[in-house]
Amino acid sequence: MEKKPLIKPRTMSAVKDFVCVVPALIFLVVFTYYPICKLVQISFTDWNLINETWKYVGLKNWIWLFNGSGTKYLLNSLKVTAIYTVGELSITLIGGMALALIFNRFNRAFSIMRAVVFVPKYVAMSSAAVVFLWILDKEHGIVNYLFSLVGLPAVDWIGSRGTAMISVLLLTGWRAVGYGMMIYLSAMISISSDYYEAAALDGASAAQRFFKITLPMLSPTTLFLFVTTFLSSMKVFQSVDILTGGGPYRSTEVFVYKIYSYAMVDFRMDRASVMAIAFFILLLVVTASTFKVSNKNVHYDS
Amino acid sequence: MAKAKTAREARLERDRNARRKKKIVMIVQYVLAVTVTVIILFPLYWMISSSFKSQEEILLPIPTLWPKEFHPENYISVFRRGNFAKYYYNTIVMTVGILVSQIVTGIFGAYGFSKGAFKGQNACFIFVLGALMIPSQVTFIPIYIMCANWGLSDTFLGLILPSLVSPYYIFMLRQTFKAIDDSYVDAAKVDGLGRVGIITKILAPMCRSTLFTVTLVTFTNGWNSYFWPKIIAKNEKRRVLTIGLAMLKNTFAGQGTMNNHEIMAGAVVAILPVVILFFIFQKYMLTGYSKAAMK
Amino acid sequence: MKKTLAILLTGAMAVSLLGGCSGGGSTGGGKTTTAAATTAAATTAAATTAAATTAAAASSDTTAAATEAPAASSQYAVTEPITIQWWHALEDQYSQTVADVVDEFNKSQDLITVEAVYIGNYSAVNEALVAAHAAGTGLPAITVANGPNLATYAEGGLPENLEPYIADSGYDVDDFAKGMIDACTYQGTRFALPFLISTQTVYYNKDLAKELNVTVPEKFEDMDAFLEATTEFNADGTTKRYGAIIPGWDNNYFETLFQNQGLKLVNDDQISTDLGSEKGIEIVKKIKEWCEKGYIYWASGTNASSIMRQHFIDKEAFSVFHTTSLYDTYVDRCDFEVGMAWLPGGDTKNQEIGGSLLIIPSKNDQATKNAAWQFLMFLCGKDVNMKWADETGYLPTRNSVLKTDEGVKFLERKPEFENIFKNLDIIYPKIQHPGWSQMTSIWKSYMSEIMIEDVDIESKIEDMVEEINEVLEDS
């Protein structure tokens with residue numbers, strides 16, 4: 001007769017399985033959940049990184065942000081981030097779709113061209129940004145040279161309010177549009193050709209086929225791209241940091257950039273924290289509402 | 001007779017028309033595709049061509065498409081004066097560190113959540129998914145303060161620590177492991193394989209392609225990361241390529257003037273490894289994102 | 001549970017492609033927040049108290065040391081071999097000089113080895129330094145600091161009080177020019193010593209000045225005539241050559257235009273600015289007028305500094321407002337004779353001290369601080385200082401140079417500096433206010449907007465003053 005083990009094998013196995021996930025759980029507690037709580041705490045203090053001490057100041061920072069002199073910055077960042085988001089969404093969705101239609105041909109030449117269009121996604125943003133700084137340079141940039149050839153005046157792409165955001169969008173769009181194309185293209189391939197054959201028999205025009213078949217069949221993909229791009233573009237930082245530094249005159253001062261500059265440039269941890277929480281809440285709201293929309297309108301068949 | 005002939009002619013005519021139309025569509029498609037490709041390729045082309053020009057040449061009122069004479073010394077200058085060798089080393093160590101730890105914690109985590117069985121498994125998994133929703137752009141302030149207090153500013157550990165575990169990696173692998181039939185795992189257990197054995201001998205080989213794709217994405221993200229290195233590594237000692245490149249403007253500023261030829265050389269050097277990887281593993285990297293999208 | 005999981009899965013799918021960092025909605029996160037925050041609060045409070053106690057202990061050490069100093073001077077002696085770090089902001093073109101100076105020091109004695117580390121520009125040094133100070137680790141033994149930051153640093157206890165070191169070593173600080181040593185003092189205590197000192201200047205094309213027979217005006221109100229004479233237009237009305245370029249990226253170069261007309265950037269109450277006064281608006285409007293006429297190029301934005309220098313070198317600008325420290329660079333790069341003129345003044349013609357001071361972070365241990373002090377004395381010493389002055393455009397800092405034959409010899413080598421030597425008494429330290437850097441970033445942003453865009457000046461200035469007053473008050 002075998003002796004009964006101290007711990008049941010089943011329990012032992014469960015413990016071992018649990019051990020597999022423990023490192024990840026501990027990590028997430030320390031580096032994700034705890035910081036969020038800590039952030040809330042800091043938002044009730046007057047902590048400036050340079051000072052040795054801090055004290056609780058109640059709702060001061062919250063009032064500053066939502067009903068004080070900080071509101072102006074909050075609204076500006078909201079506006080700027082919204083403009084950027086709309087821009088990147090248009091480029092990824094509309095641009096991506098257009099490119100998917102153009103590159104929808106399968107031979108060697110096209111597969112090489114597709115790879116080229118996609119490669120910017122893998123080019124580090126900082127490299128891409130310095131290249132765009134150079135291309136868009138007011139004095140010696142190639143874009144302004146091309147403009148001069150057709151008689152247009154030189155544009156201060158990065159330095160003036162009207163065009164700074166366009167420059168940022170050109171940069172991020174350059175990296176994103178090939179990605180949008182790839183996603184759409186791989187979804188298009190999976191649309192059964194039966195639909196198109198049937199439509200052709202009915203004598204449907206190309207435009208009709210696109211709007212009646214392709215577009216509706218791609219709706220889950222569109223939604224997917226919409227949600228992911230929406231959320232990622234709200235968190236834009238790097239392109240703004242290198243290209244414009246939030247300028248000129250706050251016209252590209254997106255949310256994350258503002259939080260960053262409060263924390264790491266002005267060392268105002270108090271204001272940075274309350275701003276970060278506001279941003280987090282905004283993200284939650286956006287995500288919750290996109291889920292609601294997606295649950296209603298789109299069915300993933302997995 | 002005549003009537004039949006006309007019908008045939010009409011059909012031929014229709015075929016011809018259709019063929020012609022198809023041909024026009026094809027030509028238009030080619031023209032558009034080539035145009036788009038050229039436009040998208042242009043910044044990369046311009047980066048490489050500028051990187052070989054002299055300063056006089058980049059400042060010419062009429063830009064030259066191709067360098068009049070080659071100046072590879074721009075690249076030497078990036079390494080000698082711009083300290084890019086150090087940045088390279090730092091970036092490699094950081095990326096490898098992140099990669100290894102994310103793979104290990106990711107595979108074990110994914111195993112636990114897919115093939116393991118323990119009380120509270122679902123709750124724990126929700127905990128992981130929830131983390132996916134909290135971006136580092138929000139939490140960086142307390143994380144920075146923690147790391148700084150632990151003396152991790154300007155250290156490799158500081159660069160790597162906040163990226164030790166990737167909920168994304170765990171999630172992706174868990175989905176893939178889940179798709180594998182439990183019978184494989186059970187059979188392996190009967191054969192006396194432990195967890196490490198099951199993972200390395202059964203699960204990992206079966207999910208090779210996903211594993212590979214996700215790892216490539218992780219590598220690229222690590223190599224190209226910017227936000228956190230900018231915060232934690234302010235010192236030249238542990239500066240990474242992305243930051244070094246963005247700062248090159250200041251480092252060379254003393255030379256006074258436009259030095260985009262050297263900055264472009266830096267940009268080329270910085271993206272080289274990832275672009276090479278891209279062309280070697282094109283198949284995986286092209287499908288990498290779309291695969292996940294289709295899940 | 002299942003349902004939550006399903007929803008989250010969908011969410012995760014949606015966000016997972018963003019490379020692992022995404023925003024979204026978890027119901028769990030919100031609930032735990034309050035409870036955990038309380039615990040977190042308790043922990044940090046404890047930690048902070050501990051830190052504060054250590055800091056207090058450390059500073060009382062120093063005080064004790066200070067009082068004992070004359071008796072036991074070994075307190076500040078370096079007795080064991082030590083390697084220390086020096087943070088600086090000297091770009092590539094100075095790297096040879098940096099290497100030479102460090103090398104010379106390392107060879108001059110056996111115990112201390114100095115490592116020079118380039119951090120970036122002054123704001124990069126500032127960010128790194130404050131971060132290291134807050135963490136209490138990773139501090140350099142000695143670092144450069146930009147003048148206006150000293151107030152903030154001293155308020156936060158960052159720099160070591162240098163008085164006891166000066167007393168102990170008998171270092172002759174009276175030899176430093178008065179304005180320069182004043183710039184190192186905050187509320188009566190010396191926290192720094194002057195290292196590389198510069199001041200604002202107007203570089204101009206001397207060849208062209210002779211040709212056009214113009215001089216850079218001494219008074220702001222004479223600027224109109226000067227700009228009209230020096231600006232050249234293309235046939236289509238665009239500017240071919242600007243009369244002057246003003247750096248909008250750094251307030252350093254335009255703030256004296258305001259101050260010399262009697263304007264207070266920070267009022268005596270320390271919580272408000274006078275920039276919104278009638279005089280302030282008038283000055284802004286005048287500069288705007290010049291910009292609109294095409295006389296002045298307001299250089300701001302990412303590449304502003306290189307654009308400005310390139311214009312001047314290419315003779316597309318008659319003059320630029322910049323720092324004396326770049327004198328040698330300009331001379332090297334221009335194929336015409338470069339002149340240096342005093343900035344146009346008003347009732348006064350004061351200028352300000354720019355460049356860098358040296359400080360020793362107080363949180364270092366005593367041995368490191370002692371070694372740092374040795375190196376600091378060396379860096380601020382006359383020989384090193386003159387090496388910089390000769391090889392770059394930084395100024396000699398010592399009376400024993402400035403007011404003696406040595407100075408005369410220096411001027412023979414660099415005659416353009418005569419104006420500065422003559423006027424040393426009116427080069428003052430910059431404003432010291434903890435909110436200064438926040439204030440100036442607001443100021444710069446609005447100035448550029450007004451100069452470049454078509455906006456209503458009065459209402460913009462009103463907004464600006466409101467913002468500035470707020471940060472001054474809250475700092």
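Biologist: What makes helix 5 of chain B largely enclosed by the rest of the structure?

Modeller: Nine of its 12 residues are buried, so helix 5 of chain B counts as largely enclosed. This is a predicted model. Buried means under 20% relative accessible area. Among the buried residues of the helix are B:Cys124, B:Phe125, B:Ile126, B:Val128 and B:Leu129.

Biologist: Why is A:Leu149 called exposed?

Modeller: Exposed means over 50% relative accessible area. A:Leu149 has 55%, so the word applies. A:Leu149 lies in helix 6 of chain A, residues 142-149. Together with A:Leu146, A:Val150 and A:Leu152, A:Leu149 makes a nonpolar surface patch of about 400 Å².

Biologist: What makes the pair A:Asp241 and B:Lys230 a salt bridge?

Modeller: The cut-off is a side-chain nitrogen of Lys or Arg within 4 Å of a carboxyl oxygen of Asp or Glu. The closest N and O atoms of A:Asp241 and B:Lys230 are 3.0 Å apart, so the pair meets that cut-off. Across the interface of chain A and chain B, the rule finds two salt bridges.

Biologist: How many residues of each chain are in contact with the other chain?

Modeller: In chain A 82 residues are in contact with 87 residues of chain B. The two chains bury about 7600 Å² between them, 79% of it on carbon and sulfur atoms. A:Phe31, A:Tyr122 and A:Trp134 supply 12% of the area that chain A buries against chain B, more than any other three residues.

Key: Residues are numbered from 1 along each chain as its sequence is written. Chains are lettered from A and ligands numbered from 1 in the order in which they are written. This is a predicted model: local features need pLDDT of at least 70, side-chain atom pairs count only at pLDDT 80 or more; totals for chains, interfaces and linings use all residues. Side-chain values use heavy atoms; hydrogens and water are left out. Patches are made of residues with over 30% relative accessible area and no salt bridge: like charges are joined within 9 Å, nonpolar side chains (Val, Leu, Ile, Met, Phe, Trp, Tyr) within 5 Å. Accessible areas come from the Shrake-Rupley method with a 1.4 Å probe; for residues, only the protein chains shown count as cover. Helices (H or I, at least four residues) and strands (E, at least two) are DSSP runs, numbered from the N terminus. Buried means under 20% relative accessible area, exposed over 50%, partly exposed in between (1.4 Å probe, protein chains only). Contact means heavy atoms within 4.5 Å. Buried area is the accessible area (1.4 Å probe) that two parts lose on being put together, summed over both.
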